[in-house]
Amino acid sequence: EDISNRNDLAEIWDQGTKYIGARYKTQDADTTLLNNAETVGDWTASGTASAPTLDQVIFKEGSGSIRFTVTAGTATMVNTMTSVTDANYLKKYHFKWIFLDAAPASITIRLRVNATNLLSTTVTTQFSGAPFAPDQWNLIGHDLNAATVTGTIAATPTFTSESFSLNTAIAGTYYVDTSYLRSWELLDYWYYSVNNVALVGATTGNQE
């Protein structure tokens, strides 16, 4: 559709479930790339995660992703990033793309000032609300205004790293790709209905 004219918002379907889709790029809202997941040295594996490796065959964005191996249990990946100082972080969401070999019980995603001062959320679905999808890229995100605060976060914090944990993970090969910090906007969803008005005496809408 003509992006300059219509359909900034639309109904979309994913495996039989209807969602509202928004064309985010036209809104000029603030977005910051945190890590492109293409430098192995940025990544450290712990728990049941191991062997972070650059993979240039399976990736979501850019030209590569970080592949890592998981044995059963809690698998944690930490990445350093170029420091981001943000006084408006409470008005933003933190997003990360993760390719799941199998669906974990939950995923804990963290944005960190350091290892002891951070914001975290444990989610049990993709950001869209859809269940975790095995053998697919899953967009994981959380609202920083609703995140759990560990330690102390300044009014204008400087974030230096991120991490995520696959909780009750199943053994396999997983991948992680780009992560972002993105603001949000309120949008009007325009629609037309032929049954918005009820005539006197009618019990349901029966007129345009």
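I began with alanine 51, which lies in strand β4; strands (E, at least two residues) and helices (H or I, at least four) are DSSP runs, numbered from the N terminus. I noted that phi of alanine 51 is near 55°, a positive value in a residue other than glycine. Most residues other than glycine have a negative phi. Alanine 51 is partly exposed because its relative accessible area is 46%, given that buried means under 20%, exposed over 50% and partly exposed in between, with a 1.4 Å probe and protein chains only.

Before going further I wrote down that this is a predicted model, in which local features need pLDDT of at least 70 and side-chain atom pairs count only at pLDDT 80 or more, while totals for chains, interfaces and linings use all residues. Residues are numbered from 1 along each chain as its sequence is written, and side-chain values use heavy atoms, with hydrogens and water left out.

I then looked up alanine 37, where phi is likewise near 55°, a positive value in a residue other than glycine. Alanine 37 lies in the loop between β3 (31-35) and β4, and it counts as buried because its relative accessibility is 0%.

Next, the chain as a whole. I found zero helices and 12 strands in the protein chain, and its C-alpha atoms fill a box of roughly 70 × 40 × 35 Å, taken along the principal axes. Of the 208 residues, 38% are buried. Taking contact to mean heavy atoms within 4.5 Å, I noted that among contacts with a separation of 6 or more, 72% come from residues 24 or more positions apart. The accessible surface comes to about 11400 Å², and 51% of it belongs to carbon and sulfur atoms; such areas come from the Shrake-Rupley method with a 1.4 Å probe, and for residues only the protein chains shown count as cover. The mean positions of the 12 positive and 20 negative charges are 4 Å apart, where Lys and Arg count as positive, Asp and Glu as negative, and His and the chain ends are not counted. Each charge is placed at NZ of Lys, CZ of Arg, CG of Asp or CD of Glu.

I followed the pairing of β5 (65-85) next, two strands being paired if DSSP finds at least two bridges between them. Strand β4 (residues 43-55) pairs with β5 in the antiparallel sense over 10 bridges, and alanine 45 has methionine 77 of β5 as its bridge partner. Strand β11 (residues 158-169) is joined to β5 by nine bridges, also antiparallel, with threonine 85 opposite threonine 158. Strand β12 (residues 172-183) pairs with β5 in the antiparallel sense over five bridges, and there phenylalanine 68 stands opposite tyrosine 174.

I also checked the hairpin of β1 and β2, which has two residues between the strands and in which glutamine 15 takes a positive phi near 50°. Six bridges join β1 (residues 9-14) to β2 (residues 17-22), which run antiparallel, and aspartate 14 stands opposite threonine 17.

Tyrosine 89 counts as buried because its relative accessibility is 7%. Not counting residues up to four places away in sequence, it touches Leu119, Leu144, Ile153, Ala154, Ala155, Pro157 and Phe159. Proline 157 is 68 residues from tyrosine 89 in sequence, yet the two are 8.3 Å apart, C-alpha to C-alpha.

Threonine 108 is found in strand β7 (residues 106-114), and at 9% relative accessibility it counts as buried. I found a polar contact at 2.8 Å between the side chains of threonine 108 and threonine 122; the term means a pair of N or O atoms within 3.5 Å, where within protein one must be able to donate a hydrogen and the other to accept it, and residues adjacent in sequence count only if both atoms are side-chain atoms. Beyond four places in sequence, the contacts of threonine 108 include Ser120, Thr121, Ser163 and Phe164.

My last entry is asparagine 138 in strand β9 (residues 136-143), which counts as buried because its relative accessibility is 0%. The side chain of asparagine 138 reaches the backbone nitrogen of alanine 133 at 2.8 Å. Leaving aside neighbours within four places in sequence, I listed among its contacts Lys96, Trp97, Ile98, Gln126 and Phe132.
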